[in-house]
Amino acid sequence: MVFPILWLVVFGVIAAALFKLAFLDGLSAEAEAQTPSAQLQTATVEATRASVTNLVQAQGSVVADPAAKIRSTSDGSVVFIDVEAGQAVAKGDRLFQVRKPVESPPEALPQQDDDDAPRPAPVQLYTYSDVVATASGTLADFPVLLNQQVTVGDEIASVSPGTYSVQGTLSTEQQFRILDRPQTAKVTLNGGPAPFDCAAITTGGPAEKDPAQDSGVPDGQPAGGTTGTFSCAVPAGIAVFSGLGASVDITAGHAEDVVTVPATAVRGAVQNGVVWVVRDASAEAPEERAVSLGLNDGQQVEITEGLAAGEQILQFVPGAPAQDSGEFGMAGAMGG
């Protein structure tokens, strides 16, 4: 009786110990291992020296340059016509001649004793003026006729230069990126000849689209809203026609070995900006520092003054979500 009871006690102790090890201690260890924890770290980046090329890519189309309007510079009657519509003229060539009577008092005649004697009729005098072309090209319109009366300011001809330009639209961000910097452009025509350099590039305000002429402003609008236009001259000898689409790469500066930071780290896009400098990990808050900005390629920004290579700054502008940084890498590129 004694020994079976002892064996039952021993097995009971062993079973209790196994239950404690398998369930109670295991659950406690697992609970401790799976306790969630987190450590917040601020993303920083180091200012480095690199090269920056400010390249703006835009879309455009080929348009014929507008004809020059020629106005009469004299009053009178047309007495001689030198040219006709469709003829090529050079700047300064005479188009037609105008005759105008001279209004002058009659000359004094010698005293005659016989009042009934016939007097010689006064001679009518005229002045002759030439109206010349003010531009070179082809006379697209020339409605002048012989003996036609013309007055100063009358539109009497139009001269088509026979040249073409590439025109397109720019967003606000693109306009600021090419602000006050030398500009060159390389044009690639859709299905046309090899890419070529487009000279004399200019920028301006929004273009007024003519319903009767659907060229000059492409259908696709750049991101950020259309606020300006660009135009550059197609070199002579390049085969083009109005309405031909084009891709335009506008280069507005290149800098070698300059201090650069990510665009996401800068509040501001042109001339002046702000970065947040991290002195050390123990600092309660980063130092807000004003900097001067140079070139911007959309990803990297040149720092011309206010920040040295090697300094640590916040990678993102405080309060600006990284995914909403846009082309310049900051929320509200213009106002912060």
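Visitor: In which helix is phenylalanine 11 found?
Guide: This is a predicted model, where local features need pLDDT of at least 70 and side-chain atom pairs 80 or more, while totals for chains, interfaces and linings use all residues. Residues count from 1 along each chain as written, and side-chain values use heavy atoms, without hydrogens or water. Helices are DSSP runs (H or I, at least four residues; strands are E, at least two), numbered from the N terminus. Phenylalanine 11 lies in residues 2–33, helix 1.

Visitor: Is phenylalanine 11 buried or exposed?
Guide: Buried means under 20% relative accessible area, exposed over 50%, partly exposed in between (1.4 Å probe, protein chains only). Phenylalanine 11 has a relative accessible area of 52%, so this residue is exposed.

Visitor: What is the order of the four strands in the open sheet?
Guide: Strands pair if DSSP finds at least two bridges between them. The pairing here is antiparallel, and the order is 3-10-8-5.

Visitor: Which strands stand at the edges?
Guide: An edge strand here has a single partner, so one side is left without a neighbour in the sheet. That holds for strand 3 (68–71) and strand 5 (88–89).

Visitor: Which residue in strand 10 is the bridge partner of aspartate 141?
Guide: Strand 8 (residues 137–141) and strand 10 (residues 155–160) run antiparallel, joined by three bridges. Aspartate 141 has as its partner serine 158.

Visitor: What is the mean pLDDT of the protein chain?
Guide: pLDDT is the predictor's confidence in each residue, from 0 to 100. In the chain, 74% of residues reach 70 or more. The mean is 79.
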